[in-house]
Amino acid sequence: MDCVFLSVSKNRASAGMGEWPGSHYIAHMNVPKPTFPAPGHDHDRCTADAMHHAEQVCARRAQKLTPIRRQVFEALLASHRPLGAYEIIEELAKTVTRPAPITIYRALDFLMANELVHRIESRNAFLACVHDHGAASLVAFLICDGCGSVGEVPATQLAQSLNDAARLTGFTPKLSVVEITGTCAHCQA
Ligand SMILES: [Zn+2]
Ligand SMILES: [Zn+2]
Ligand SMILES: [Zn+2]
């Protein structure tokens, strides 16, 4: 770990610090996802599971996974690296008419609102969430400088103590973002 990007801003975490639903999400997804999937893992499986999860979330909430939302999510699922909005456009332009940025941002807003995509602030990029951890869980993002993959680890307690420290100063925190750069185990090997 050589750099920690922290900001306490925006909204969300204030309402109830949820727990990382370890056992719950294992029951849900059958097999727990490793934080950094090994190179050569069955990525078709990752993609299929994440897409299945997205469909379930949308069905449960009576939300429509429209073609553009699905395409954006699929583009993000192509790897475990976050993509910038323009990279998503380039990706989609390979198969469909080049979408306008506003179209992509709207789809991203939808996917983020439904906890299917995270924004990686320090990279100004978006990450498909292949975990099923729920809105209340706060996660720290581990960003590998080697392969560009981003892993997620539970950070509810960390966020809680940051928020407590912030409150002691009279500051009212809304969302804690924790992004840590470094090298993943596969890139160290
Ligand atoms: Zn994968
Ligand atoms: Zn996530
Ligand atoms: Zn790596």
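In which helix is the place of Pro-101? Pro-101 lies in helix 5, where helices (H or I, at least four residues) and strands (E, at least two) are DSSP runs numbered from the N terminus. The structure is a predicted model, in which local features need pLDDT of at least 70 and side-chain atom pairs count only at pLDDT 80 or more, while totals for chains, interfaces and linings use all residues. Residues are numbered from 1 along each chain as its sequence is written, and chains are lettered from A and ligands numbered from 1 in the order in which they are written.

The chain comprises seven helices and six strands, and its elements follow one another from the N terminus in the order β-α-α-α-α-α-β-β-β-β-α-β-α. Of the 189 residues in the chain, 28% are buried, a residue being buried if 20 or more other C-beta atoms, placed from the backbone, lie within 10 Å of its own, exposed if 12 or fewer do, and partly exposed in between. Among the contacts in the chain with a separation of 6 or more, 66% join residues 24 or more positions apart, two residues being in contact if their C-beta atoms, placed from the backbone, lie within 7 Å.

The axes of helix 4 (residues 85-93) and helix 5 (residues 101-113) come within 10 Å and cross at roughly 105 degrees. This makes helix 4 roughly perpendicular to helix 5. Ala-85, Ile-88 and Ile-89 of helix 4 and Pro-101, Ile-104 and Tyr-105 of helix 5 make the contact, which by class has six nonpolar, no polar and no charged residues. Here axes are lines fitted to C-alpha atoms, for helices over the stretch in contact, and angles run from 0 to 180 degrees between N-to-C directions; angles under 35 degrees count as roughly parallel, over 145 as roughly antiparallel, 65 to 115 as roughly perpendicular and the rest as oblique.

Pro-101 has 11 C-beta neighbours inside 10 Å and therefore counts as exposed. Leaving aside neighbours within four places in sequence, Pro-101 is in contact with Ala-85 and Ile-89; the C-alpha atoms of Pro-101 and Ala-85, 16 residues apart along the chain, are separated by 7.3 Å.

Helix 4 also meets helix 3 (residues 67-77), the two axes coming within 10 Å and crossing at roughly 105 degrees. Helix 3 and helix 4 are therefore roughly perpendicular to each other. This contact is made by Gln-71, Val-72 and Ala-75 of helix 3 and by Ile-88, Glu-91 and Leu-92 of helix 4, and by class it has four nonpolar, one polar and one charged residues, where Ala, Val, Leu, Ile, Met, Phe, Trp, Tyr, Cys and Pro count as nonpolar, Asp, Glu, Lys and Arg as charged, and the others, Gly among them, as polar.
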